[in-house]
Structure formats: structure tokens, C-alpha cells
Amino acid sequence: MERRFTQAATGARGAEAALPGPCVHDAQWAGERRSAIAVAFLLFTALFTVDAGFGSLDVTRGVLWTGLAGLLFVVLLPPRVSVRPGLLSARGLLMTDTVRTDSLASVRWSDGVAQRMILRDTEGSQVEIDPTVLVRNPPMWHLLDTDSRSSLRHGTLLHGATALHQLAQRIDRETAHTIFKVSGLQ
């Protein structure tokens, strides 16, 4: 159930073994995981306590509340995004999606309530990530930006230069805002 990039020339070697270089992970993912656990546990505790207080708690309802809290955890747990030179991976609960960032074919924004950035490479692999992960992790953005510029130079990135430019402007605004805030100029 796991999707990974494998190089045809090297056989079964995975993406992590294919390209050397520093691997940068989302620095705030652990906190988001703790928050997802806390919210799910809070829901479970509240439902369990209310049900026990009314005297209607039994095994079936206990299993139902446990399942509901587990489902909430699965929904709230964000994928763990990591970037290394040439690769971007988003590891979810059950599978990992990996895309070659040095041969991107398209980058686009998804429509919907939560803003997502969808990256697709020339081999057809696709990763969907929350762009705030890149905003709050400048080293991740630097690696992705470097590789996307390489894709532009090689002519593989046919759709999405505008989306990357918009993200770069957003990151520049956030960085300037943080600098002004820290320096007391705001």
C-alpha cells in the first residue's frame, strides 16, 4: 500500500537511498501529532464521562466512542513532509507519496476549503501538501525552490511556475513580517 519512487537503473532501491543529501523534516509535525492525540483523547474522555454519568455506558457504546476518537485522530493527523535534494515525500498513516522535485511536470493549487499544493513529476508520481509546511520551514522551501528552478531550466515544469511564484511571495511576506516583529519595528 506504500507508493515509492524507485530508479529503474538501480532496481529495488527506494527513493531515500537513491539521492544523497540532507533530509529536512517538518519541524512542527510532532506538535501537530500531539495535538491530534490530545483532541482525540479529549473527545473520548468527554463522551465516556457523559455516558458513564448518565448510566448508559456499556461495551458497545465504549467501543463506539473509542472508534469515534480513533477516527478523529486519523482525520487530524497531518502527513509528515520531508524534502531532500531531488525528492519530496509526504508520509501518511498508511502510505508514503514521493515526487521527484528535480523533474517536476506541474505544480497547482487545489480548490477546496483547505488550501493544498499538488506537485506532479514527469514519471506521474503526485504529492499533495499543505503549503504552510513550506512557509514555516525555510530549509524545506530552499530545497524545493532550488529543484523547481532546475525543472524550469530543463523544461520539464510546464505548468505551475505561477503557483511557485505565489508561494515564494507568501514566504517572503511571512519572513519580512517575522523580522519586523522580532526587531520591534511593527
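Which residue just after α6 takes a positive phi? G184 does, with a phi of about 80°.

1. Basis of the note. The model is predicted: local features need pLDDT of at least 70 and side-chain atom pairs count only at pLDDT 80 or more, while totals for chains, interfaces and linings use all residues. Residues are numbered from 1 along each chain as its sequence is written, and side-chain values use heavy atoms, with hydrogens and water left out.

2. Overall make-up. The chain contains six helices and seven strands; helices (H or I, at least four residues) and strands (E, at least two) are DSSP runs, numbered from the N terminus. Along the sequence the pattern is α-β-α-α-β-β-β-β-β-β-α-α-α. Of the 186 residues, 34% count as buried, where buried means under 20% relative accessible area, exposed over 50%, and partly exposed in between (1.4 Å probe, protein chains only). The chain exposes about 11,100 Å², and carbon and sulfur atoms supply 61% of that area; accessible areas come from the Shrake-Rupley method with a 1.4 Å probe, and for residues only the protein chains shown count as cover. Among contacts with a separation of 6 or more, 56% join residues 24 or more positions apart, contact meaning heavy atoms within 4.5 Å.

3. The open sheet. Four strands, in the order β1-β2-β3-β4, form an open sheet with antiparallel pairing. β1 (24–25) and β4 stand at the edges with a single partner strand each, so one side of each has no neighbour in the sheet. Two strands are taken to pair if DSSP finds at least two bridges between them. Strands of a sheet pair through backbone hydrogen bonds, either parallel or antiparallel.

4. From β2 to β3. Five bridges join these antiparallel strands. They form a hairpin with two residues between them, and G86 in the turn has a positive phi of about 95°. V81 has A90 in β3 as its bridge partner. β3 is mostly covered, with four of its five residues buried.

5. From β3 to β4. Here too the strands run antiparallel and are joined by five bridges, but the hairpin passes through four residues. R91 has T96 as its bridge partner, and L88 stands opposite V99.

6. The nonpolar core. The largest nonpolar core has 24 residues, and those with the most contacts inside it are L88, V107, M117, L119, I129 and L134. At least two of its residues come from each of β2 (80–84), β3 (87–91), β5 (104–109), β6 (117–121), β7, α4, α5 and α6 (161–183). Such a core is a set of buried Ala, Val, Leu, Ile, Met, Phe, Trp, Tyr and Cys residues joined through side-chain atoms within 4.5 Å. Leaving out residues up to four places away in sequence, L119 touches V99, L104, S106, V107, S125, Q126, V127, I129 and L144.

7. α5 (residues 138–154) has 17 residues and reaches 24 Å from its first C-alpha to its last, close to the 24 Å expected at 1.5 Å a residue; the expected span is 1.5 Å times one less than the number of residues. Its buried residues include M140, W141, L143 and L144, together with D145 and D147. α6 has 23 residues and reaches 33 Å, close to the 33 Å expected. In α6, A163, L164, L167 and I171 are buried, and the buried residues of this helix pack against β5, β6, α4 and α5.

8. The loop residue D130. D130 lies in the loop between β7 (126–129) and α4 (131–135). Is D130 buried or partly exposed? D130 is partly exposed, at a relative accessible area of 26%. Its side chain makes a polar contact with that of T132 (2.9 Å); a polar contact is a pair of N or O atoms within 3.5 Å, where within protein one must be able to donate a hydrogen and the other to accept it, and residues adjacent in sequence count only if both atoms are side-chain atoms. Neighbours within four places aside, D130 is in contact with Q115 and R116. D130 and R116 are 14 residues apart in sequence, and their C-alpha atoms are 4.8 Å apart in space.
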